[in-house]
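Please read the following account alongside the sequence and the model.

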Number of protein chains: 2
Amino acid sequence: MLEAKLSEAALLKRLLDAVKELVSDANFECNEEGIQLQAMDNSHVALVSVKLYASGFKRYRCDRPLPLGVNLGSLTKVLKCAKDDDICTLKAGDDADILSLTYEAKSAYADRIAEYEMKLMDIDADQLGIPDTDYDASVTMPSSEFLRIVRDLSLLGESVRIEVSKEGIRFVSDGEAANGNILIKQNAEASGKKKGSIEMNSAVTLTFSLKYLVNFSKSSSLSKKVQLMMSNDVPLLVSYAFNQGHIRYYLAPKIGDD
Amino acid sequence: MLEAKLSEAALLKRLLDAVKELVSDANFECNEEGIQLQAMDNSHVALVSVKLYASGFKRYRCDRPLPLGVNLGSLTKVLKCAKDDDICTLKAGDDADILSLTYEAKSAYADRIAEYEMKLMDIDADQLGIPDTDYDASVTMPSSEFLRIVRDLSLLGESVRIEVSKEGIRFVSDGEAANGNILIKQNAEASGKKKGSIEMNSAVTLTFSLKYLVNFSKSSSLSKKVQLMMSNDVPLLVSYAFNQGHIRYYLAPKIGDD
DNA sequence: TCTTTAATTG
DNA sequence: CAATTAAAGA
């Protein structure tokens, strides 16, 4: 059985906001290490990987591996019924077809206990080959900045060319009506505080669909920083790390620079 | 003739926000006691009853009973032209087909006086039998909490079963994808302050359409508390009381617990 | 009835 | 500014 107590429902709410538009159904793989979700997006272009470490929970118990097949739309609805700072407990029995979510208000004299039961489903787990790559370039930047850049450029064109070089990281979008080009210089510092960092073995230039990058950026609420990892002709890895785990996206580059 | 001076236009604005989606046209019955509106909602399922006591007005005069047939959409538009803290005066002559609304700014050096005239209409008054019941159970709770509960549960299903017992009050909704269940314990206290109270002669269990309860909850801006009164097989009474009157909703229970 | 658009509210 | 929700048209 699974019993996982999360001190803030907000984390789950944000995770689902980030994932639900990309994936409609997915298995939450629960085991003693924690809870993991891995799924291709609905059009099988991007891959999402979420990990919540057991140690991040207020209480966590999972005797044996348990795949919980969840409709993310339903789970989103159920999570809408939780306040951000509610204590949220997930429970499921072995071979259960029900996931139970309990919300307790944090106030000292809690008078309200809400319990929701959600139907689970059997989902054929995609066999997902998560590439385990040594990347040629790694860029860490404020997630808000990445959000802003991909949103801005998505107004102009369909795709963005990302160029990592000694110069820094450059985002280029060529649109019908206008072209955009944003350069973030390496080791840029603001107010004496390092805002980002670039590590690079060799220069990398790749082109991606902006639609997906905009979607990935919904995870900005989960972490102040985002890490972009790239090698030529290999899927981009966009990673948001937070206290109790991470959410990662993989996106294949477009062939040829259009 | 009618002349009614209200020290805050906000009250009328909020009342109309609460009612306008339920009822499109209604008679404002004015007499020496005050102003009353009673109407079935457009689909003749729920009943709304608004009362503004004469004593609650800054000045009130109504020589003889006067039914003012109002299109609530039009009145809402006219009220949008008032600031919340404007002094608002309603005037209508006997047999008038015009309602005049005057808004005066409250500032010491009032420099703005706005006057609007709205066409009235003849409305056949529904004969409304307002049930005058001794209820088996009465529950008072923060209106914001009631709002939250019915909104949450409306995400899951069409209807809610309300159970009042020694345990407290429980709201249960069974939906396609998930079930929800919220218990508020009797006489729960928070920070030493009583948040709600339950009085009960016998346990009551009734099922209602959530759509209507969500609609009723728009009155939350009028009062911090809401009172739910129930007896088996009798319409639920949802009552919001404020300084100068009240707004009450009656809703028939669904037959059989589905 | 379902989709698209407009208006409203946080 | 964005997201949700009510209204309108297909």
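Predicted model: local features only at pLDDT ≥ 70, side-chain atom pairs only at ≥ 80, totals over all residues.

The partner of β5(A) is strand β1 of chain A, residues 2–6; the two run antiparallel and are joined by four bridges. Within this pairing, A:K5 has A:R59 in β5(A) as its bridge partner.

The next step is the division of the chain. Chain A consists of domain 1, covering 2–119, and domain 2, covering 137–251. Taken over C-alpha atoms, the centres of domain 1 and domain 2 of chain A are 28 Å apart. Their contact involves 18 residues from domain 1 of chain A and 15 residues from domain 2 of chain A. On the side of domain 1 of chain A that touches domain 2 of chain A, the elements giving two or more residues are α1 (9–19) and β4 (46–53) of chain A. Of these, β4(A) gives the most, with eight residues. By class, this side of domain 1 of chain A holds eleven nonpolar, three polar and four charged residues.

Chain A also meets chain B. Here 17 residues of chain A are in contact with 16 residues of chain B. Two or more residues on the chain A side come from each of α2 (72–80) and β9 (112–119) of chain A, and β9(A) gives the most, with eight residues. The side of chain A that touches chain B has seven nonpolar, three polar and seven charged residues. Strand pairing crosses between the chains: β9(A) and strand β13 of chain B, residues 178–185, run antiparallel and are joined by seven bridges. One of the pairs is A:A114 with its bridge partner B:I182 in β13(B).

Helix α2 can be followed in both chains. In α2(A), the buried residues are A:L72, A:S74, A:L75, A:K77, A:V78 and A:L79. They pack against α1, β2 (25–31), β6 (66–71), β8 (98–104) and β9 of chain A, and also against β13 of chain B. In helix α2 of chain B, residues 72–80, the buried residues are B:L72, B:L75 and B:L79. Seen down the axis of α2(B), these buried residues fall within an arc of 60 degrees, so they line one face of the helix. The exposed residues B:G73 and B:K80 are on the face of α2(B) turned away from the buried side. Among the elements covering the buried residues of α2(B) are α1 (9–19), β2 (25–31), β6 (66–71) and β9 (113–119) of chain B.

Beyond its neighbours within four places in sequence, A:M230 is in contact with residues including A:Y135, A:I162, A:V204 and A:L236.

In chain B, helix α4, residues 210–216, contains B:L213. B:L213 counts as buried because 26 C-beta neighbours lie inside 10 Å. Neighbours within four places in sequence aside, B:L213 is in contact with B:V150, B:V160 and B:F208. The C-alpha atoms of B:L213 and B:L147 are separated by 8.3 Å, although the two residues are 66 residues apart along the chain.

How values were computed
Residues numbered from 1 in each chain as written. Chains lettered and ligands numbered in written order. Domains from an automatic or database assignment. Contact = placed C-beta atoms within 7 Å. Nonpolar A, V, L, I, M, F, W, Y, C, P; charged D, E, K, R; others polar. Pairing = 2+ DSSP bridges. Buried ≥ 20, exposed ≤ 12 C-beta atoms within 10 Å, placed from the backbone. Arc of directions from axis to C-beta.
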